[in-house]
Amino acid sequence: MNIFEYYLTKISATIIDNKKTLKLENINDLKNVNLEVPPTHLNYDLSTNVSLVLSKVNKIKPNILANNIKKILIKNINHFEKIEVAGPGFLNIKLSDEALVYNINDILKNRESYGSKKTNNNYNIEFVSANPTGPMHVGHCRGAIFGDVLSNLLIFNGNKVTKEYYINDYGNQIKNFVESVFLRIREIKYKEKFVFKENLYSGDYVKEIASKIIQNNKEISVDNFDSCFEKLKKLSLNCSMNLIKSDLKKLGIEHDNFFSETEIVKNDIVNKTVKSLRNKDLIEEGFLDPPKGEPSKNWKKVKRLIFKSSNFGDDTDRALQKNDGSWTYFANDVAYHSDKINRKFDHLINILGADHIGYIKRITSAVSALSEKKIKLQCKVCQLVKLYKKGKPFKMSKRAGDFISVQDLLNEVDKDSIRFMMLNRSNDVELDFDFEKVREKTKDNPVYYVQYAFARINSILRTLNKNLNDEISVKSKTFTLNKYEEKIIRKVFEWPKIIESAANKLEPHKIPFYLYELSTLFHSYWSKGNEDSQYRFIENGKVKRHEVLIFIYLISTVIKNGMNILGVSLPFKM
């Protein structure tokens, strides 16, 4: 249950039923009314702006309206024990014991789904989509985890999600990669010296790919690069994608679909897409000005096909053809997104690296044009990750060549720490990843602190000879809380709102923040028992108060659901 939705519905219905008494002529703005978490220093459970919203449109002083609404809500909603008018007209609401029992029992009855808001949409989330020219690096890692956790979050809310990887297996970068493998094969087979040329890939992993190809294809001919290119491309890309899939699996990530750029070209999807845009009068033949920052003397003025992307919010129109008449990368990408639209997804989401931020307007404009503005493409950019070890920047590996690989990261810290910490800041700001801090067993290490809370709860349950799967509920109509428990229950009630906000805004980092705050409240309450015996959970092998046991189950429910979304394990012992 989402208590904010539940009680907002009750508040709205009560006001509508009593609009004449309240002298309200206009209640259309009820849609702008919200129910929020009050400031932590206030001893209240809910806070609403209803008086402020309705007073403005009905030309009533907000404090007068607030006091009148307060009387009606107290009279008609028996779950409200006390209401305070605060500030310019906010209503702060304290729930009754009956309300607490009702809501707690509902959570305990529906533990696995607590927090979920069933929205039942069909999403395509494209993430990672790294060039298949070697293993994943740290930059890919952050976007991979962001995309995977966002997918888990939307699935938790009842949506269908296709996790998709777009394989950029076409163009000059791929040709350079295959040539690098070709030269390494000749180096191994014929002892030829590898010549380091511009744009070739020099990492040791290329040698490993070459060795693997030789081992599994003993009769392969590498006498001439052009004649063996297609076969070698297929073998090289297969090896490279296996490296990437292996890295992803180690991070706990599996995609549902891999979509090849080469297949787009082979299946003539670009021509079909261009034809569709031309039929909508969204393509013209013409000339473009030189890109900003490029001297005009270096710019070759060539007539080409141009997509009118400025009609859909882009800064300028975009070329679909290169100087030689071949398709641009953008043209292939437009065709790929046309295919996505044809697959009937309700929502398209792309997770991009920091270097693609300038690409957003053109591809969102293309989706808008292709779908006739019926489908919106949302792009989330994951900023850079800076790695530190012993206070110094972490060095790149020789194996990778010129970047820090995911395997380098996994050699230093475990998957759980990587997944949690990669989401420990918003995706749109740079992230400092400190290996020493992630290894600490202190409050300063968020993933440890959350895992430790769950392990500590299970330790309590083992002492009581209970487990998390036991059925439990509040039997009495009263529920006596101390000040520490009041803070915890309000934080537990906030969980569905965190899920709703994280899903609506595509901000999964809100989940680890919240879990850390909840775990901190739990650890603080536990520690208080060491200082004052009245707050101890257990005495003589028995739980002191049934309320304490209820809180343990509530906290474990939220931590379990949250960490499942994050894809982070929960140890029963630490």
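Which side chain meets that of Arg184 in a salt bridge? The partner is Glu187, with 2.9 Å from N to O. A salt bridge here is a side-chain nitrogen of Lys or Arg within 4 Å of a carboxyl oxygen of Asp or Glu. The model is predicted: local features need pLDDT of at least 70, side-chain atom pairs count only at pLDDT 80 or more, and totals for chains, interfaces and linings use all residues. Residues are numbered from 1 along each chain as its sequence is written, and side-chain values use heavy atoms, with hydrogens and water left out.

Arg184 and Glu187 both belong to helix 6 (residues 172–190). They sit three residues apart, so about one helical turn separates them. Helices (H or I, at least four residues) and strands (E, at least two) are DSSP runs, numbered from the N terminus. Burial was assigned from relative accessible area: buried means under 20%, exposed over 50%, and partly exposed in between (1.4 Å probe, protein chains only). Arg184 is buried, at 3%. Glu187 is partly exposed, at 23%.

The salt-bridge rule gives a count of 27. One of them pairs Glu500 with Lys117, whose closest N and O atoms are 3.0 Å apart. Glu500 lies in helix 17 (residues 483–504). Lys117 lies in the loop between helix 4 (97–109) and strand 5 (122–126). The pair therefore ties together parts that are 383 residues apart in sequence. Glu500 is buried, with a relative accessibility of 18%. Lys117 is partly exposed, with 33%.

A further salt bridge links Arg318 and Asp314, with closest N and O atoms 2.7 Å apart. Arg318 is buried, at 15% relative accessibility. Asp314 is buried too, at 7%. Elsewhere, salt bridges with shared partners join Lys389, Glu412, Glu436 and Arg439 into one network.

Strand pairing was examined around strand 13 (residues 385–389). Two strands pair if DSSP finds at least two bridges between them. Strand 13 runs parallel to strand 15 (residues 431–434), and four bridges join the two. Strand 13 is also joined to strand 14 (residues 392–393), by two bridges in an antiparallel arrangement. Strands 13 and 14 form a hairpin with two residues between the strands. In this hairpin, Lys390 takes a positive phi near 55°.
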